[in-house]
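Please have the structure open as I speak.

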Amino acid sequence: MIELHQLVKHFGDVRAVDGISLTVPRGEFFCVLGPNAAGKTTTIKMLVGLIKPTRGTARVAGYDVQGQPLEARSRLSYVPDFPFLYDKLTPWEFIRFTGQLFRMTDADIRRGADELVPRFSLQEWLHKPIEGLSHGTRQRVAITAALLHSPEVFVIDEPMVGLDPHHARIVKDVLKERALRGMTVFMSTHQIYVADEMADRVGIFHRGRIVAVGTPEELRRRAGTDGALEKAFLAITEEEVKADSANGTAP
Amino acid sequence: MNAAAPDTVALAFAGPTPFRLLVRIAAISSWRRLLALREQSWFLLAVIGTFLAGYLALAFMLFYAGLRFISKFPGLGGLLVERLLFVLFAFLFGLLLISNLVISYTNLFKNRETTFLLSLPVPTQTIFQWKFVESTLLASWAFVFLIAPLLCAYGLVNHVAWHFYPLVLVLLALFIVLPGVCGAWASVTLARFLDRKAFQIVLVTGLAAFIGLMLFQFRPQPVTDEDLDARVLAVIDRLLENTRFANFPFLPSYWMSASVQNWSEGALGAASFFALVMLSHALFFGQLVCQRLGDAFYEAANRVSSRGSIFARWGWFRAQSARKPGLPGGELSLPRGDWLDRLLGFGGVLAPDTRALVAKDMRMFWRDTTQWAQTAMLFGLLGVYIINLRHFTRQLDSPFWLSLVSFLNMGACALNLATLTTRFVFPQFSLEGRRVWLVGLAPIGLVRVVWLKFWLASVATLAVTLGLVLLSCTMLGLDAVHTVFFGGSVTVMTFTLNAIAVGLGALYPNFKETNPNKIVSGFGGTFCLVLSFVYILTAVVLLAVSSPWGWKPDMTGEFAPAKAVSTWVIFVLLSYLAGWLPLRLGLRKVATTEL
């Protein structure tokens with residue numbers, strides 16, 4: 001469903017992403033972990049078509065994101081860490097607008113909203129201006145709008161920022177259910193426990209490369225740790241930092 | 001529901017197109033912004049409404065009187081009015097070009113809505129079309145508002161038929177398309193090849209070149225009394241020579257002016273011809289941009305968000321960057337301070353926290369070129385005009401004219417300052433935005449932060465305004481008493497205008513917005529501009545009418561201390577009240593602000 005092939009991205013002299021290849025099959029919940037400036041967000045931006053790769057290709061549902069952008073984008077949804085919403089609209093107007101951009105009929109939009117709005121407890125806020133909503137509520141509106149057209153691929157950056165524990169649980173449940181129904185989830189997060197709980201597979205990014213990929217159990221085995229996935233993550237990234245220092249490639 | 005292939009869906013889908021959806025969303029948002037005005041104080045709304053109506057009425061009266069005066073020049077009135085019209089539209093075209101370039105760049109490449117839309121199944125061509133329309137409207141509406149009184153006055157002076165007015169509206173709608181096209185194309189091209197810093201340098205260089213061109217193009221031509229007596233036509237011809245560029249027939253402003261002029265004279269055929277020339281160009285280039293620039297826009301957007309500094313390609317720049325402190329040998333070494341820190345720390349006058357805040361504000365202002373480029377152009381043009389005054393001292397030998405020009409110069413300088421304080425000083429407190437907790441919770445406290453902003457802005461702007469007014473006095477050859485009078489007056493006005501901007505900025509903060517343009521365009525910013533203009537008008541009229549040199553054609557220039565002192569006391573009291581009240585209210589609000 002998601003195929004990244006030898007993705008490279010340069011920002012001037014800086015190589016932000018350095019030859020990432022990855023395949024995420026249909027229905028898989030894939031989590032991306034990594035320290036700051038590891039290339040996670042840059043990879044996501046290339047995956048959703050916001051920026052072009054310097055080299056390599058990204059494909060969504062078989063469509064090249066750069067070569068067939070509309071086909072690819074109509075099959076995916078992207079929710080950034082601070083999503084853009086039109087302040088003067090109400091959540092319902094925003095949800096309907098997004099559905100219409102995805103060429104959904106009004107009946108389909110209503111059907112989708114009937115399912116998602118109560119799940120995300122948005123009924124109370126549905127007809128109030130977005131400008132007055134809290135960050136967490138805005139985040140729920142953005143996720144509702146993004147899920148409305150039942151995307152084949154769902155890309156989300158730090159989904160739990162600003163969410164209270166109750167709504168964080170709901171978001172996790174909804175995403176897991178959708179993944180079980182065939183939606184591929186590609187999630188970037190710094191909350192390692194979320195990845196440990198949700199992910200079928202986890203990819204650890206470091207300095208623009210994927211340095212480890214596997215199920216949480218596989219990563220623990222590779223790092224020789226047990227317990228929280230955090231220990232495995234820290235061990236693997238520490239190992240990479242040492243390797244960089246030894247090779248003289250540390251920044 | 002998994003989406004089918006878009007082309008299949010597109011055929012089956014009968015709903016609104018993405019472009020129509022975007023227009024609809026923008027219309028709803030704008031309408032709600034308008035409705036939100038109901039939540040504002042009716043008194044303040046009435047003040048702003050009265051001011052806007054007052055501007056339209058006053059501008060109309062001035063233009064009407066001016067055009068009538070010029071049109072009555074024996075044998076030359078028509079020619080002079082015609083040339084004024086052509087020059088006006090030529091300048092308008094140039095200003096629209098700059099405005100469209102800046103707004104298109106921001107709207108296309110530094111806008112969160114654009115990024116949001118790029119991740120959706122909306123063709124890049126459609127996104128570009130929407131942003132093009134939005135930028136053109138944003139860049140042009142104020143110009144149309146400014147020019148409306150002039151065109152009304154022009155119509156009345158020329159006794160035009162009723163259909164002239166609706167036609168002018170149509171012509172203006174066509175006229176704004178071409179600068180919009182040029183601005184969008186230029187911004188996409190510049191974005192492809194220049195990074196933000198280089199773009200700012202090009203912009204500032206362009207503005208400097210523009211001011212230089214004005215200085216050269218409109219340099220005064222010496223005219224002797226003999227010439228004025230015997231060879232009036234030759235003198236007028238020389239004066240018109242400098243503005244001949246406006247009659248270049250391939251300029252869109254020429255088509256606009258020719259159409260307006262011909263329609264006002266009843267030559268409907270010729271007017272229609274020029275209107276159709278404009279229509280054909282607007283349609284052709286508008287269509288070209290709307291159909292062909294989408295891919296170029298996406299490519300440019302990608303480059304904007306992908307490149308490092310273009311200066312990094314130069315060895316010298318890389319060497320300079322490498323010299324900056326980093327982590328040599330794993331050991332952190334931080335600089336002890338640059339020239340600004342040393343300057344602010346000189347003599348130990350400023351406390352360390354004060355120094356830190358002042359340095360932060362100065363650095364942020366300096367590094368945002370758009371913050372000061374427009375101001376530099378406005379004051380630059382005013383400076384060019386004042387420097388040129390020295391050539392008119394022969395014509396300005398009457399004390400009446402000297403006094404009138406001095407007061408007008410002071411008024412123009414203050415009006416320029418009012419735009420500066422509203423545009424840059426008013427949003428300063430709001431721009432602290434999400435960082436306000438940092439200074440708010442620091443021992444320095446928010447109240448002192450506001451005071452510091454007031455003093456910094458006042459001292460910095462005083463250097464410019466006082467400099468310009470003293471230059472004006474020198475160019476006009478005024479004596480020391482006049483110079484002290486005008487210098488003192490502009491000093492008081494500078495502090496008052498800054499107090500209004502800082503006070504209202506604290507009273508009406510907008511911490512959600514990071515774009516200063518949007519902060520200023522809100523209610524508080526508009527109120528700040530209105531109050532500043534009303535204050536300037538009142539202050540200049542008060543000083544001029546009751547000053548010892550005011551409005552007396554036969555005055556001898558004798559100094560009348562009692563009258564001067566009483567005028568000044570009233571002026572200072574008025575200024576104190578106009579500045580103190582908003583600043584006091586702002587400080588009181590800041591003192592009780594919950595972070």
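This is a predicted model: local features need pLDDT of at least 70, side-chain atom pairs count only at pLDDT 80 or more; totals for chains, interfaces and linings use all residues.

In strand E9 (residues 201-206) of chain A, the residue that stands opposite A:Phe30 is A:Arg201. This belongs to a pairing in which E3(A) and E9(A) run parallel and are joined by four bridges, where pairing requires that DSSP finds at least two bridges between the two strands; strands here are DSSP runs of E with at least two residues, helices are runs of H or I with at least four, and both are numbered from the N terminus. Residues are numbered from 1 along each chain as its sequence is written, while chains are lettered from A and ligands numbered from 1 in the order in which they are written.

E3(A) also pairs with strand E8 (residues 184-188) of chain A, again in the parallel sense and over four bridges, and there A:Phe29 stands opposite A:Val185. Because five of the five residues of E3(A), residues 29-33, are buried, the strand is largely enclosed by the rest of the structure; buried means that 20 or more other C-beta atoms, placed from the backbone, lie within 10 Å of the residue's own. In a regular strand the side chains alternate between the two faces of the sheet. Here A:Phe29, A:Cys31 and A:Leu33 cover one side and A:Phe30 and A:Val32 the other, and all of them are buried.

Turning to the domains, whose bounds come from an automatic or database assignment, chain A is divided into domain 1 (11-75 + 151-251) and domain 2 (83-150).

Finally, how many residues of chain A are in contact with chain B? There are 28, facing 34 residues of chain B, and the elements of chain A that give two or more residues to this side are helix H2 (69-73) and helix H3 (91-101). Chain B itself has 25 helices and zero strands, and 32% of its 595 residues count as buried.

Key:
Two residues are in contact if their C-beta atoms, placed from the backbone, lie within 7 Å. A residue is buried if 20 or more other C-beta atoms lie within 10 Å of its own, exposed if 12 or fewer, and partly exposed in between; C-beta atoms are placed from the backbone.
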